[in-house]
Amino acid sequence: MQYFLCLADEKNVTRAARRLNIVQPALSMQIAKLEAELGQRLFDRSVQGMTLTSAGEALVRLTAPIVRDAEYARQEMAQIGGRISGRVAVGLITSVAQSTMASSSATVARRYPEIILSACEGYTETLVDWVNSGQLDFALINVPRRRTPLAAHHIMDEEMVFACRKDGPIRPPAKLRFDHIANFDLVLPSKRHGLRLILDERAAALGIDLRPRLELDTLPALCDVIATTDFATVLPTIALRQSLASGTIRAHRFDAQRIVRSIAWVHHPRRAVSVAAKAVLDVISHDLAQAAAVAKQLAEPGSGGAASSSRKKRRKTEPESRTLIWTRCRASLQNETGW
């Protein structure tokens, strides 16, 4: 089963054999033996590589949970000896991945050297499917509006804000409402993206039609567009954190009609969450909460920048935000290194 799933993932005998640390003929022999035993052709072979047949796709759905449960049993037995170990596969929506994946992966590697972490990013619906099929142990997603077969646990709520170029001509109203965004040239994620679904639902409830000039699902690229053009967007604060910290864009909270997205972690209700997976989840949740807190401090209240009092308030609070960022970074460094 492990050989089959590895080849299904790699789609190449050479890469799969290298990952399994076996020779290619041994892998080919095991796959041929499996096909003969099942009486089904599992792969189509071509010069481009190996692709699953319909029978192969069905076998992935059936065997992935079995292998995952066997790995979970092995991990739990290892805990008896006081070790946290095993393979953990986690999926993250893009806005979470860009905020936490680097720091969280480094922390997991340092704290839990016997955990093998596999992390990927994707759309909420895709991640739900992968958790349901057993390809992921758990995933952090935007809380879906439709019911899923997965067990969901709330992590945090996060405000979505209006953002534009720092020194650009856009000046939102002093009392910024969500329906005001229809008056600007917008760059938004596409309708495949969970964040866009949240925006479209709010727009429909208010009777407005969102017609973005540009759609980008790669959030760092979207932030770059905002920082260098006169387009505007509406995104969660953590998705804007790096651009806000660098001073290339500014973000304004809505004074009315505020919009909030909820983040949850999901897992299959009939599969136990391993100790190793829980350890990884704790690290990611902690890093996500810190990133959201820092990003929130960098966003301004709804203001058009016209009133001098608003400008004075921003000048007063910006140094405080930088001080807060430094304080948090220093505390985190001391906590991790003892320095």
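This is a predicted model: local features need pLDDT of at least 70, side-chain atom pairs count only at pLDDT 80 or more; totals for chains, interfaces and linings use all residues.

Reader: Start with the largest pocket. How much space lies in it?

Author: About 1,100 Å³. The lining is made up of 31 residues, and Leu5, Asp9, Arg19, Arg68 and Arg87 lie nearest the centre of the pocket.

Reader: Which elements give two or more residues to that lining?

Author: They are α1, α2, β2, α4, β3, β4 and α6. The largest share is from α4, with 8 residues.

Reader: And by class, what is in the lining of that pocket?

Author: There are 15 nonpolar, 7 polar and 9 charged residues.

Reader: Back to α1. Which residues are buried there?

Author: Phe4, Leu5, Cys6, Leu7 and Ala8 are buried in α1. After α1 comes Lys11, which has a positive phi, near 60°.

Reader: What about the second largest cavity, what is its volume?

Author: About 50 Å³. Its lining includes Val90, Met101, Leu117 and Ile284. The largest share, 4 residues, is from α5. By class, that lining has 6 nonpolar, 3 polar and no charged residues.

Reader: Different topic. Which residues have the most contacts inside the largest nonpolar core?

Author: Phe162, Phe178, Ile181, Leu199, Leu210, Leu240 and Phe254, in a core of 38 residues. Among the elements that give two or more residues to this core are β6, α7 and α9. α8 has the largest share, 6 residues. Apart from this core lies another, of 36 residues, including Trp265 and Val280.

Reader: Take Phe162. What is it in contact with, leaving aside neighbours within four places in sequence?

Author: Among its contacts are Ile170, Pro172, Leu176, Ile181, Phe184, Val234 and Phe254. Arg250 and His252 are also in contact with Phe162.

Reader: Last one, Ala32. Why does it count as partly exposed?

Author: Because its relative accessibility is 41%, and partly exposed covers the range between under 20% for buried and over 50% for exposed. Ala32 is in helix α3. The C-alpha atoms of Ala32 and Phe43 are 9.9 Å apart, with the two residues 11 residues apart along the chain.

Terms used
Residues are numbered from 1 along each chain as its sequence is written. Side-chain values use heavy atoms; hydrogens and water are left out. On a 1 Å grid over the protein atoms alone, a cavity is a set of points where a 1.4 Å probe fits but cannot get out, and a pocket is an open set with protein on both sides within 12 Å along at least five of seven lines; lining residues have an atom within 4 Å of a point. Grid points are joined across faces, edges and corners, and a volume is the space filled by probe spheres set on the points. Ala, Val, Leu, Ile, Met, Phe, Trp, Tyr, Cys and Pro count as nonpolar, Asp, Glu, Lys and Arg as charged, and the others, Gly among them, as polar. Buried means under 20% relative accessible area, exposed over 50%, partly exposed in between (1.4 Å probe, protein chains only). A nonpolar core is a set of buried Ala, Val, Leu, Ile, Met, Phe, Trp, Tyr and Cys residues joined through side-chain atoms within 4.5 Å. Contact means heavy atoms within 4.5 Å.
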